[in-house]
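Have a go before you read on.

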Amino acid sequence: MAQRTLWLCRAGGLVLVACWIGALAQNPRAVAWDFPVFYTAGKLDPARLYQGDAQEREQRRLWETRLSGLREYGFVSFLRPPYYHVVLAPLARLSFWPAFFLWTTVQGGSLAAALAILGRRGRFDQAFYLLLPVCPYVTTALTWGQDTALVFLAVVVSFELLRSHREAPAGVVLALALVKWNILLPVPLLLVLQRRWRFAGAFFLAAAVELGVSAALVGRSGIHDYLAILRSEHADYLSRGMPSVRGLLLVANPPNAAAVAGVGVAALAAIWILRKLPIAHSFAGAVGASVALSYHTM
């Protein structure tokens, strides 16, 4: 009976996905809102990757040639670390819509793979096969061309390796998720406090390689540009009301410094509580806390 229910839930989920895809085909304005940021970043020379005027010119050129009939022009800064350019440059050699289709396929496959991994040993509720295809946070991430699913897969694989006592590979894989470094910052500190030296050592070594590749790609001036664009208004244009501790605190209109201090206190408290839990529980808790406590969470 349980196996039959599982397959019925999966089949129902596939039907919902098919309906979702059909709806998108009828309304192409609803797709590829965020993907232009990644696509145009892949086209830029690495030395100019974080120059705001270069980013804006490339995004406007794409809008004029591919998207002007679907939506108004809007500029969004590319804020991923420089080494991500290695992934985006080959993608940008394709024309825009085939590149978007390939990107979305990879993201959807990453989400499916992560859920399959979590579903092993009965750790994934069957109801989610029906709930996820109608969850706007999931569907929007895919249809807009975000990279959340790819990062999620890296976190899930790291978690599974950790549970299998393969700490060094787990650390390396988790470092791949530093593409979204702003939502993983408390995790390394927790690893150190728990004295998971193999995990932490592999993580920091892989992170150092990523930093080295980044520095080689963009050079000293590119690093300066990156730090400057992180401080610009474009990097924080939707701060108030974000689904995070800082975003909710800013609704009450305190100074940003006070909100950041509140987030810092909450982060230290979370790490202090999680440090004594078993490693699998503390890892899962730290990832969840990192998302809630990040400076900027969309």
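**Exercise 1.** Work out where the two partners of the salt bridge between Lys180 and Asp147 lie.

*Solution.* Start with the contact: the closest N and O atoms of Lys180 and Asp147 are 3.7 Å apart, and a salt bridge needs a side-chain nitrogen of Lys or Arg within 4 Å of a carboxyl oxygen of Asp or Glu. Helices here are DSSP runs (H or I, at least four residues), numbered from the N terminus. Now check burial (under 20% relative accessible area is buried, over 50% exposed, partly exposed in between; 1.4 Å probe, protein chains only). Lys180 is buried at 16%, and Asp147 is buried at 0%. Finally, shared partners join Arg80, Asp147 and Lys180 into one salt-bridge network.

A quick word on the ground rules: this is a predicted model, where local features need pLDDT (the predictor's confidence in each residue, from 0 to 100) of at least 70 and side-chain atom pairs count only at 80 or more, while totals for chains, interfaces and linings use all residues. Residues are numbered from 1 along each chain as its sequence is written, and side-chain values use heavy atoms, leaving out hydrogens and water. The chain averages a pLDDT of 87, with 98% of residues scoring at least 70.

**Exercise 2.** Which side chain of opposite charge is nearest to Glu210, and what does Glu210 touch?

*Solution.* First locate Glu210: it's in helix H11 (residues 197-230). Glu210 is buried yet has no salt bridge. Counting Lys and Arg as positive and Asp and Glu as negative (His and chain ends left out), the nearest opposite charge is Arg80, 12 Å away. Then list the contacts (heavy atoms within 4.5 Å): leaving aside residues up to four places away in sequence, Glu210 touches Tyr83, Ala175, Leu176 and Leu178.

Technical notes: Helices (H or I, at least four residues) and strands (E, at least two) are DSSP runs, numbered from the N terminus.
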